[in-house]
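Please look over the model below before reading on.

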Amino acid sequence: MRRNERGRTAVDGIATRRPARGSRAALGTLTAAGTLLALLLPTGSAGAATPQDSHRSATPQRTAGAFWTAARMRSATPLDLAAPAKQHRAAVPRSAPFTVRPTLPGLPSLPAPRPTAAAQPGGPWTGGGAVTKTAGRVFFTYQGRTASCSGDAVTSANKSTVLTAGHCVKLDGAWHTNWVFVPGYHDGQAPYGKWSAAKTLSTPQWTASEDINYDVGAAVVAPLDGKKLTDVVGGQGLSFNSGYNKTMYAFGYPAAAPYDGTKLIYCSGTTMKDPLFSNDHGLSCNMTGGSSGGPWFTSFDEKTGTGLQSSVNSFGYQFLPNTMFGPYFGDDAKNLYNTAQAS
């Protein structure tokens, strides 16, 4: 991800926004997970009379899949986000903890993952397991250019739900087009297919004003060759309202130096609550642009590669290097997930 002009960087390929004039001095810069972990701030969509929380794709699946050739996927650039301005931070709505267990093809569900603690500020994932199939790169067209993010297939009623960052589905008031999810991506290859979004969604707060605290997006992908996504690659579990200061693992496909978008990268450690301008989790991590939207897991089991997704790569501050931030999965993230899996 890159750091944008506002100080925020989009993790998975997000465009840069210009910050409000009075906010630069107070905030400095943020980097997105797509380029350097940038934060998205509301700009273009703010003030829209009736913002839509979802968007149906008008591009046929075969057309979108054909559009994303190996060359286009390799050349897609991370989209950057602006940093959040200093403001009063209202707590993200929370209720009782709620979890969904992971599933693998052919199995109804897996036991709750066993947590593993091993601090890692960033490096290639060599452990194998389910995450190598459920995590993938997201590709889309934004303002006439090809861009990339990361995403993750999760257990869902429709077997077709992908979670990512809000800025990886909509930015500056416009929904991305030619949106596809490529699980298990590797150097231009799509070993499990290119899954075209029939519908993309985000939280009401993101679609209305691009509030960085709610930078969560989802996609419902169309069947591919008569099969549904999680029947092919499996689905990770989820955890909502699980609290702060947790041992977490973050995954993504950073494409900015020193990474090149060809490999699945991970970070792990104990999270903190953002002490500055958001209610996000913070994690020591050196992932760069393109990692936006990649999953964060609690209770991650290194042996099986399964966990409970509890956040996504969202942004980073330029003045706080090697630290990534991800939104708290509270009631609004849970509502988004429920809306997506019911689609």
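Two strands count as paired if DSSP finds at least two bridges between them. Strands E17 (residues 247–252) and E22 are joined by two bridges and run antiparallel. This is a predicted model.

- Strand E22 spans residues 295–301.
- Six of the seven residues of E22 are buried, so the strand is mostly covered.
- Strand E23 (residues 306–312) is joined to E22 by five bridges.
- E22 and E23 also run antiparallel.
- Across this pairing, Phe297 stands opposite Gln309 in E23.
- E22 and E23 form a hairpin with four residues between the strands.
- Gly305 in this hairpin takes a positive phi near 70 degrees.

**Backbone exceptions**
- Most residues other than glycine have a negative phi, and most peptide bonds are trans.
- Ser299 is not a glycine, yet its phi is positive, at about 50 degrees.
- Ser299 is located in strand E22.
- Asn178 also has a positive phi, near 50 degrees, and is a residue other than glycine.
- Asn178 belongs to strand E13 (residues 177–183).
- The peptide bond from Ala257 to Pro258 is cis, with omega near 10 degrees.
- Pro258 sits in the loop between E17 and strand E18 (265–270).

- Is Asn178 buried or exposed? Asn178 has a relative accessible area of 17%, so it counts as buried; the cut-off is under 20%.
- Ser299 has a relative accessible area of 26%, so it is partly exposed.
- Ser209 counts as partly exposed because its relative accessibility is 26%.

**Ser209 and Asp172**
- Ser209 is found in helix H5 (residues 204–209).
- How many residues apart in sequence are Ser209 and Asp172? They are 37 residues apart in sequence.
- In space, Ser209 and Asp172 are 9.0 Å apart, C-alpha to C-alpha.

**To check in the viewer**
- In the loop between E17 and E18, find Pro258 and its cis peptide bond from Ala257.
- In the hairpin of E22 and E23, find Gly305 with its positive phi.

Notes
Residues numbered from 1 in each chain as written. Predicted model: local features only at pLDDT ≥ 70, side-chain atom pairs only at ≥ 80, totals over all residues. Heavy atoms only, no water. Buried < 20%, exposed > 50% of the residue type's maximum accessible area, 1.4 Å probe, protein only.
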